[in-house]
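The sequence and the structure are shown first.

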Amino acid sequence: MAAATVAADLGADVLTVWDAAAQQYDTFYPALPAALNSLQTLASGTVVLLQLPAAGTWTMDVLPVSPVMTVQAGWNLLPWAPATALPAADAVAPLGSRLHGLYRLTAAGTFDSYLPALPAQFVTL
C-alpha cells in the first residue's frame with residue numbers, strides 16, 4: 001500500500017519503518033514532495049512507527065501472519081502479537097545469546113527494556 005494512502009487514512013504527520021537489512025529508518029512526511037521521502041510503500045506485516053497530531057482510533061483488517069520472523073544482525077523492529085501474554089524472558093528465550101536487548105516504546109515516549117545481562121531489578125519490560 002502507498003505510504004501516502006496510509007498517512008492520509010491515519011492523519012499522520014510522519015510514518016517511519018525500520019529497514020533491518022540496511023540498519024536505517026525509512027520515513028514518509030506527507031508535507032514533503034514525494035522525491036524527498038525514503039518510504040514510498042508499506043508491505044503487509046510492516047511495523048510502522050507513527051507520529052499523530054491527536055489521539056483517535058484506526059481499524060484495519062489483519063491478515064494471518066507466520067510465526068517465523070527473519071531477523072538481521074543488528075537492530076530489528078518486529079511486530080509483537082503473541083496469542084497469549086508472556087514474560088519478556090520467556091518470549092525471547094529462542095533467541096538465546098543472540099539477543100542483546102528488547103525495547104518497547106511507551107505511549108509516554110519512553111522505552112521499557114529487557115536486557116538479559118542485567119539483574120531482574122533493572123528490567124522494566
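## Gln-23 and the basis of the model

Gln-23 lies in the loop between E1 and E2, where helices (H or I, at least four residues) and strands (E, at least two) are DSSP runs, numbered from the N terminus. Its phi is near 55°, a positive value in a residue other than glycine. With a relative accessible area of 31%, Gln-23 is partly exposed; buried means under 20% relative accessible area, exposed over 50%, and partly exposed in between (1.4 Å probe, protein chains only).

The model is predicted: local features need pLDDT of at least 70 and side-chain atom pairs count only at pLDDT 80 or more, while totals for chains, interfaces and linings use all residues. Residues are numbered from 1 along each chain as its sequence is written, and side-chain values use heavy atoms, with hydrogens and water left out.

## Overall architecture

The chain contains two helices and five strands, and its elements follow the pattern α-β-β-β-α-β-β along the sequence. The C-alpha trace spans about 45 × 30 × 25 Å along its principal axes. Of the 125 residues, 19% count as buried. Among contacts between residues at least 6 apart in sequence, 42% join residues at least 24 apart; contact means heavy atoms within 4.5 Å.

## The three-stranded sheet

Three strands form an open sheet in the order E2-E1-E3, with antiparallel pairing; two strands pair if DSSP finds at least two bridges between them. Strand E2 (24-28) and strand E3 (49-51) are at the edges and have a single partner strand each, so one side of each is left without a neighbour in the sheet. On average, neighbouring strands of this sheet are turned by 25° against each other, direction ignored; the axes are lines fitted to C-alpha atoms, for helices over the stretch in contact, and angles run from 0 to 180 degrees between N-to-C directions. Strand E1 (residues 14-19) is joined to E3 by three bridges, and the two run antiparallel. Within this pairing, Val-14 stands opposite Gln-51 in E3.

A residue from each strand illustrates the surroundings. Thr-16, in strand E1, is buried, with a relative accessible area of 11%. Beyond its neighbours within four places in sequence, Thr-16 is in contact with Tyr-25, Asp-26, Thr-27, Val-47, Val-48 and Leu-49. Thr-27 belongs to strand E2 and counts as buried at 19% relative accessibility. Its contacts, again leaving aside neighbours within four places in sequence, are Leu-15, Thr-16, Asn-37, Ser-38 and Leu-39. Leu-50, in strand E3, is partly exposed, with a relative accessible area of 33%. Leu-50 touches Leu-10, Val-14 and Leu-15, not counting residues up to four places away in sequence. Leu-50 and Leu-10 are 40 residues apart in sequence, and their C-alpha atoms are 9.0 Å apart in space.

Strand E4 (residues 102-105) and strand E5 (residues 111-114) run antiparallel and are joined by four bridges. Arg-104 stands opposite Asp-112 in E5. The hairpin has five residues between the strands, and in it Gly-109 takes a positive phi near 85°.

Leu-99 is placed in the loop between helix H2 (88-91) and E4. At 15% relative accessibility, Leu-99 counts as buried. Not counting residues up to four places away in sequence, Leu-99 touches Val-92, Tyr-114 and Pro-116. The C-alpha atoms of Leu-99 and Thr-84 are separated by 21 Å, with the two residues 15 apart along the chain.

## The second largest pocket

The second largest pocket holds about 290 Å³ of space. On a 1 Å grid over the protein atoms alone, a cavity is a set of points where a 1.4 Å probe fits but cannot get out, whereas a pocket is an open set with protein on both sides within 12 Å along at least five of seven lines; lining residues have an atom within 4 Å of a point. Grid points are joined across faces, edges and corners, and a volume is the space filled by probe spheres set on the points.

The lining comprises 14 residues, of which Trp-18, Ala-20, Thr-70, Leu-77 and Leu-78 lie nearest the pocket centre. By class, the lining divides into eight nonpolar, five polar and one charged. Ala, Val, Leu, Ile, Met, Phe, Trp, Tyr, Cys and Pro count as nonpolar, Asp, Glu, Lys and Arg as charged, and the others, Gly among them, as polar.
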